[in-house]
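Please look at the sequence and the 3D structure shown below, and keep both at hand while reading the report that follows.

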Amino acid sequence: MIERFLKQTTFVSQEDYEKNLKFIIPEHFNFAYDVMDEWAKEKPEKLALLWTNDEGECIRFSFKDIKEQSDRAAAYFMSLGIGRGDMVMLILKRRYEFWLAMLALHKIGAVAIPATHMLTTHDIVYRNNRAGVKAIICAGEEYIMQQVKGSLVDSPTLETLLSVGPKQEDGFHDWHKEWNDAPAFVRPEKNDNDDTMLMYFTSGTSGEPKMVAHDFLYALGHLTTGVYWHNLSEDSIHLTVADTGWGKAVWGKFYGQWFAGAAVFVFDHEKFTADKILRQIERYRITSFCAPPTVYRFLIHEDFSHYDLSSLRYCCTAGEALNPAVFDKFKQLTGISLMEGFGQTETTMTLGTMPWTTPKPGSMGLPNPQYDIDLIKPDGTPCEDGEKGEIVVRVGNDKPVGLFKYYYRDEELTHNVWHDGLYHTGDVAWRDEDGYYWFEGRIDDVIKSSGYRIGPFEVESALMTHPAVVECAITGVPDEIRGMVVKATVVLHNDWKSKAGDSLVKELQEHVKHVTAPYKYPRIIEFVEELPKTISGKIRRVEIREKDNKK
């Protein structure tokens with residue numbers, strides 16, 4: 001499959017990859033037709049999607065099944081008046097209908113807008129009006145349906161509501177009751193490569209969510225994500241822990257994985273526990289696994305002797321920087337090195353640790369040659385090795401395959417991050433002498449204390465090496481003398497919760513002083529049950545700062 005889209009498909013070194021990664025770009029690329037329907041022709045009975053849930057239901061979809069059912073869904077949507085360029089919001093949790101709906105919308109040229117099931121009516125109204133949403137397809141659950149229905153009165157563009165069940169209400173089309181009556185699917189007019197295919201409202205670690213618009217080549221950009229970073233093949237069964245409401249779902253359980261012909265495994269569960277995930281890996285013989293560092297932080301506290309993880313061959317992580325202590329513990333428990341990657345809602349994978357490279361614990365890896373990556377200082381000049389700077393993408397005459405089009409309906413915001421031939425990520429890192437990048441934090445997260453610039457990640461990594469700490473967040477607190485002081489908000493391991501107090505605060509402070517430079521130690525430590533996070537699992541340091549500022 002991938003030989004249709006790459007001039008060279010196998011690589012033996014980073015040098016080989018950097019020199020020879022070159023895309024073949026079709027004139028009217030559409031992932032649903034050019035990849036999924038082609039798999040259905042070539043290997044119709046091959047397992048494409050393995051879906052299970054908390055109740056033990058299990059449904060297996062072959063590539064033939066996916067083609068037939070996405071065709072039927074496309075015809076059904078068209079019968080409801082959904083067509084090319086229409087905005088369609090998907091609030092489907094981990095329901096298997098998400099995969100069918102996404103492909104169906106691609107086939108008819110409509111714009112898919114995945115969204116989290118935790119949105120309130122206010123959130124949905126905001127999204128409906130900012131994007132001009134025409135239809136919403138949602139899971140038939142009381143909370144979701146109430147919030148969606150409540151948005152109608154203040155959403156003039158919203159015309160059509162669909163429920164995939166189990167619950168149905170007046171005003172919602174019943175997907176499973178109606179879709180069999182749709183006419184036979186006839187492919188509509190072909191899309192152009194620069195048509196908008198997908199749009200995400202960012203999870204918003206700060207400020208209002210932005211609308212990130214991606215064209216049809218975004219899917220092609222994820223070929224490297226699944227085939228190379230995840231190291232997948234046709235015999236892989238891959239699990240990425242991700243809700244369909246955020247971008248990591250299409251990073252980890254959609255485009256790249258199906259380019260490789262792998263089976264995508266979906267566990268539709270209500271509440272995460274480490275035990276549940278490990279049981280799924282054991283039961284369904286998962287071969288490849290990807291999750292944000294938060295998940296690994298909980299996994300490593302389980303007794304791995306209680307699980308048969310012998311099928312597991314390859315593991316990756318992204319979403320936040322990985323603490324080296326977590327890397328080391330997971331390697332000790334499984335023998336598997338965690339391969340880190342970095343990217344944003346606005347991009348595909350821009351930095352990563354590929355199979356032909358040796359991972360450095362805590363490093364995001366090396367630049368993906370799909371993008372021209374650099375580090376720049378505040379004055380715009382390039383950083384030398386060892387200097388901290390902002391990660392940028394140098395954009396020439398041709399936009400890199402996978403980079404977003406713009407922030408929809410916000411020209412000013414787009415220009416703020418994309419100007420003078422550079423896309424500014426807003427993330428700070430440094431590069432070592434081997435070319436590996438090391439994450440420091442968001443520009444807004446960097447703490448300036450007594451003349452020092454302190455990245456939150458370096459302090460968090462130091463704290464994570466103490467056995468009491470499950471996870472933590474470092475923020476700055478205003479201080480009259482130092483300008484700012486370092487604060488640690490800490491979630492303790494169950495065995496240590498009874499010891500929370502001044503003596504443990506002192507112990508953790510001394511621990512940090514010995515692990516990293518003493519000036520970085522947290523002068524304030526607060527113990528909490530959980531950290532505020534986005535739906536994508538990223539720690540919302542901005543929420544901690546706002547809470548502290550109100551005190």
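To how many disulfides does the count come by the distance rule? A disulfide is taken here as a pair of cysteine sulfur atoms within 2.5 Å, and by this rule the count comes to 0.

## Cysteines

C315 is in no disulfide, and the nearest cysteine sulfur, which belongs to C316, is 7.4 Å away. C316 is likewise in no disulfide, and in this case the nearest cysteine sulfur is that of C290, at 5.3 Å. With a relative accessible area of 0%, C315 is buried, and C316 also counts as buried at 0%; buried means under 20% relative accessible area, exposed means over 50%, and partly exposed lies in between, for a 1.4 Å probe and with protein chains only.

## Basis of the model

This is a predicted model, in which local features need a pLDDT of at least 70 and side-chain atom pairs count only at pLDDT 80 or more, whereas totals for chains, interfaces and linings use all residues. Residues are numbered from 1 along each chain as its sequence is written, and side-chain values use heavy atoms, with hydrogens and water left out.

## Overall fold and surface

The secondary structure of the chain comes to 18 helices and 27 strands, where helices (H or I, at least four residues) and strands (E, at least two) are DSSP runs numbered from the N terminus. The C-alpha atoms fill a box of roughly 70 × 55 × 50 Å along the principal axes. The radius of gyration, taken over C-alpha atoms, is compared with a globule rule of 2.2 Å times the number of residues to the power 0.38. Because a compact globule of 551 residues would have a value near 24 Å, the 23 Å of this chain agrees with that rule.

Of the 551 residues, 61% count as buried. Among contacts in the chain with a separation of 6 or more, 68% are between residues 24 or more positions apart, a contact being heavy atoms within 4.5 Å. The chain exposes about 21800 Å², of which carbon and sulfur atoms supply 48%; such areas come from the Shrake-Rupley method with a 1.4 Å probe, and for residues only the protein chains shown count as cover.

## Charges

There are 63 positive and 82 negative side chains in the chain, and the centres of the two sets lie 2 Å apart. Lys and Arg count as positive and Asp and Glu as negative, while His and the chain ends are not counted; the place of a charge is taken as NZ of Lys, CZ of Arg, CG of Asp or CD of Glu.

## Backbone details

A cis peptide bond, with omega of about 10°, joins G165 and P166, and P166 is found in strand β6, residues 160-166.

N231, in the loop between α9 (223-229) and β10 (237-240), is a residue other than glycine with a positive phi, near 60°, and N231 is partly exposed at a relative accessible area of 37%. R409 also has a positive phi near 60° without being glycine, and R409 lies in the loop between β19 (406-407) and α15 (411-417).

## Distances along and across the chain

Q146, in helix α6 (residues 142-151), is partly exposed with a relative accessible area of 42%. Although Q146 and T121 are 25 residues apart in sequence, their C-alpha atoms are 8.0 Å apart in space.

D444 is found in the loop between β22 (437-442) and β23 (447-449), and at 60% relative accessibility D444 counts as exposed. The C-alpha atoms of D444 and D174, which are 270 residues apart along the chain, are separated by 45 Å.
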